[in-house]
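User: Please walk me through this one, starting with how the strands pair.

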Amino acid sequence: MIASANSYSISGFGHDLPAKLEDLIDENTILVQRTLRSGQSLHYNGNVVILGDVNPGAEVAATGSIIIMGSLRGVVHAGAGGDVNAIVMAFHLQPTQLRIADHITRPPDNGAIDPDYPEMAQIKGGVVTIESFQYAGERQGKVT
Amino acid sequence: MGQVLVVTSGKGGVGKTTTTANIGTGLAAAGHKVALLDTDIGLRNLDVVLGLENRIVFDIVDVVNGNCRLRQALIRDKRFEGLHLLPAAQTKDKTAVNPDQMLGLIAELKKEFDYIIIDCPAGIEQGFRNAIAGAEKAIVVTTPEVSAVRDADRIIGLLEASDLREPKLIINRIRPKMVRQGDMMSIEDILDILAVDLLGIIPEDDMIVITTNRGEAVVLDQNSRSGQAYRNIVRRILGEEVPIINLDEEEEGFFKKLRRIIGLK
């Protein structure tokens, strides 16, 4: 299924965070301590955590979730084996294209939205949605 | 032993050859022995930019095939005793040389020169492989265009994969006015994506076209902004700390400058 561009929605700050991060814990996770540049790709059977950026022209595909501790500007595919519960999280979420399971989305063509806070993409109600991401402790006002 | 630098970009037309010619000339003007290597076999340009085209007898392919000695193929520059060019062949293609031959060639040049600067062809195929084979450091040239930056990013990835880490970046053809108006990528935008050290920025300048067509190097032109930018780059290569030029200040108008000189500002 190819979702239309408007299924790539961006909601407001800090509410409604249904995906439980505990559900994502999986021993099959790799940590990538580098930036993926144009032309580089990463395919992994499990979750991927990247300490770096994913630049335009780079791609990451994982059967699980993808977390990018940096800027996501390239193409990502989470839940590449069909897992609709997979998520994509990035400190700066500006993908060329974002795929979760068999949903393919892209930013709106007029997209001037460029928030400087972390965001998370997941499938909700059959469409890929983007929300700001806040750590639970931070939401409750705790200093972590 | 000399230092081996490769000037590369991925995309064509961003100023690799101009940069090679100017850095080479600048280093030679500072009294160093410099060899410039054109590895763009089949599309050679560096000889033209340096105004040495009519002196070519042997080329890089002749050297690696043993048709002549290295010394016979090296062309001495018109102005600087210490500047030499090993031209590319024009009638062959990139497969006429392989990376192992390049390593041998560079090992020989290193004995005699302080700096060996390799002008890399556009692309990521064998020409690129040849050019980076013997390099110790890389200079990546880009322009403030999305396509050029994308290709530079690809090249930086390939350089890292070949163990040429921490390449230095030159951003060429900047138009400060367009950057200010938000119509051109800024230096910060580019560094944000590429995340490498900046070696210098070159403003767009008609003098580049004028000097290049004459077979001269703008780095020797004391009055142009691009010449100053290249001189700064040369000084940074030599290990000096030189601040990056502030193009906004550089662009100030004649009257503003005059007022400042006579002390009204």
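Analyst: Two strands are taken to pair if DSSP finds at least two bridges between them, and the strands (E, at least two residues) and helices (H or I, at least four) are DSSP runs numbered from the N terminus. The model is predicted, so local features need pLDDT of at least 70 and side-chain atom pairs count only at pLDDT 80 or more, while totals for chains, interfaces and linings use all residues. Residues are numbered from 1 along each chain as its sequence is written, with chains lettered from A and ligands numbered from 1 in the order in which they are written.

User: What order do the eight strands of the open sheet in chain B take?

Analyst: The order is β3-β4-β2-β5-β1-β6-β7-β8 in chain B, and the pairing is mixed. At the edges, where each strand pairs on one side only, are β3 (75-76) and β8 (197-203) of chain B. Inside the sheet, β6 (residues 137-142) and β7 (residues 168-174) of chain B run parallel over four bridges, with B:Ile139 opposite B:Lys168 in β7(B).

User: Which strands does α1 of chain B touch when it packs on the sheet?

Analyst: Helix α1 (residues 16-29) of chain B touches β1 (3-8), β2 (34-38), β4 (83-86), β5 (115-119), β6 and β7 of chain B, and its direction makes about 165° with that of β5(B). Contact here means C-beta atoms, placed from the backbone, within 7 Å, and angles run from 0 to 180 degrees between N-to-C directions of lines fitted to C-alpha atoms, for helices over the stretch in contact. Helix α9(B) also packs on the sheet, touching β6, β7 and β8 of chain B, at about 145° to the direction of β7(B).

User: And how do α7 and α9 of chain B pack, in angle and distance?

Analyst: Helix α7 (residues 146-161) and helix α9 (residues 187-194) of chain B pack at about 35°, with their axes 10 Å apart. The crossing is right-handed, a label for a near helix turned clockwise from the far one by less than a right angle, left-handed being anticlockwise. B:Val149, B:Ala152, B:Asp153 and B:Ile156 of α7(B) meet B:Ile190, B:Ile193 and B:Leu194 of α9(B). By class, that contact has six nonpolar residues, no polar ones and one charged; Ala, Val, Leu, Ile, Met, Phe, Trp, Tyr, Cys and Pro count as nonpolar, Asp, Glu, Lys and Arg as charged, and the others, Gly among them, as polar.

User: Next, which residues of α10 in chain B are buried?

Analyst: In helix α10 (residues 206-214) of chain B they are B:Ile208, B:Thr211 and B:Thr212, where buried means 20 or more other C-beta atoms within 10 Å of the residue's own, exposed 12 or fewer, and partly exposed in between. Viewed down the axis of α10(B), the buried residues fall within an arc of 100°, so they line one face of the helix; the arc is that of the directions from the helix axis to the C-beta atoms. On the other side of α10(B), B:Asp206, B:Val209, B:Asn213 and B:Arg214 are exposed. The buried residues of α10(B) are covered by elements including α1, α2 (46-49) and α11 (225-237) of chain B. Just after α10(B), B:Gly215 has a positive phi of about 75°.

User: Is B:Val97 buried or exposed?

Analyst: B:Val97 counts as buried because it has 26 C-beta neighbours inside 10 Å, and it sits in the loop between β4 and α5 (99-112) of chain B. Leaving aside residues up to four places away in sequence, B:Val97 touches B:Ile41, B:Ile60, B:Val61, B:Val64, B:Met102 and B:Asn130.

User: Changing topic: how many residues does each chain give to the contact?

Analyst: Chain B gives seven residues and chain A gives eight. On the chain B side, α7(B) supplies the largest share, five residues, and that side divides into three nonpolar, one polar and three charged residues.

User: What is the secondary structure of chain A?

Analyst: Chain A has one helix and 12 strands, and 38% of its 144 residues count as buried. Five strands form an open sheet in the order β3-β5-β7-β9-β10 of chain A, with mixed pairing, and its edge strands are β3 (41-44) and β10 (103-105) of chain A.

User: Where in chain A is the hairpin?

Analyst: The hairpin is formed by β11(A) and β12(A) with two residues between them, and A:Gly125 in the turn has a positive phi of about 60°. Strands β11 (residues 119-124) and β12 (residues 127-132) of chain A pair antiparallel over six bridges, with A:Gln122 opposite A:Thr129 in β12(A).

Key
Two residues are in contact if their C-beta atoms, placed from the backbone, lie within 7 Å.
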